[in-house]
Amino acid sequence: MNITEYNLDGRWYVEGQLNFDRKLIYYRYKTIKEYIIGPLGLELGSAEGEMTQYLINDFEHLVSVDASKELLEMIPIYKNHTKVHSFFENYRPEKKFNTIIMEHVLEHVDNPVDIISRAKEWLEDDGVMLLGVPNALSIHRLAAVKMGLLKTPDELNERDYQLGHQRVYSMETFVKDITEAGLEIIQKGGVFFKPLSNGQIENNWNEEMIEGFYELGKDFPEIAAEIFVVCKK
């Protein structure tokens, strides 16, 4: 398998994505926004552009690269935006970037360290790389182990397979891959305290509850639903 050939079937983004899935993407963006440096940004793995719609406001120009032509075509046309249909290892940027965003990419690919190392070469010397992944030690996965639904927190579940995940990271394994790729971590944290599944939250929680558990995730990053790191060369 090509190292960036992941989940090229875009049907889940059209048919299976929940409103709460989109809400989590907004919270992930909201969390990393303060670390973004302009003027040039690179988004690796844009999918259908749910995060792109926010990122375009942070850069004079943003480039989004994805291996799915179908998903790229779902992204609206923005004046300060370029869409690139390419595998990551085939991508050859003409300029280096001040910020590279890699949200929900590493859990999909065959060799995450190779992907991070490659992207590092596209980063300005004083730039930042922002990476985020689902957390194997999220409280809802820990509860699933107690309930007998998972053998271990990092076991792939049905939704992981639907999304093309090859692994689920803990903060420890996340940091290991990033440091092995030669990046220095300057900040890390968690996004959203999620005791239930996305579907259960969508069907039963109101906006005040969702916002409250987003704030709670900042206090308990090691068991939050998502984990992120901010890196430099």
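Start with the lining of the second largest pocket: by class there are five nonpolar, one polar and four charged residues here. (Ala, Val, Leu, Ile, Met, Phe, Trp, Tyr, Cys and Pro count as nonpolar, Asp, Glu, Lys and Arg as charged, and the others, Gly among them, as polar.) To see them, select Leu 40, His 61, Val 63, Tyr 91, Arg 92, Pro 93, Glu 94, Lys 95, Lys 96 and Phe 97. The space inside is about 170 Å³.

Before moving on, know that you're looking at a predicted model, where local features need pLDDT of at least 70, side-chain atom pairs count only at pLDDT 80 or more, and totals for chains, interfaces and linings use all residues. Residues are numbered from 1 along each chain as its sequence is written, and side-chain values use heavy atoms, with hydrogens and water left out.

What does "pocket" mean here? On a 1 Å grid over the protein atoms alone, a pocket is an open set of points where a 1.4 Å probe fits, with protein on both sides within 12 Å along at least five of seven lines; lining residues have an atom within 4 Å of a point. Grid points are joined across faces, edges and corners, and a volume is the space filled by probe spheres set on the points.

Now for salt bridges (a side-chain nitrogen of Lys or Arg within 4 Å of a carboxyl oxygen of Asp or Glu). The structure holds 10 of them.

Pick Glu 207 and Lys 23, whose closest N and O atoms are 3.1 Å apart. This pair links distant parts of the chain, with Glu 207 in helix α10 (residues 207-219) and Lys 23 in helix α2 (residues 19-32), 184 residues apart. (Helices are DSSP runs of H or I, at least four residues, and strands are runs of E, at least two, numbered from the N terminus.)

Last stop: Lys 233 and Asp 125, bridged at 3.5 Å, N to O. Asp 125 is exposed at 63% relative accessible area, while Lys 233 is partly exposed at 33%. (Buried means under 20%, exposed over 50%, partly exposed in between, with a 1.4 Å probe and protein chains only.)
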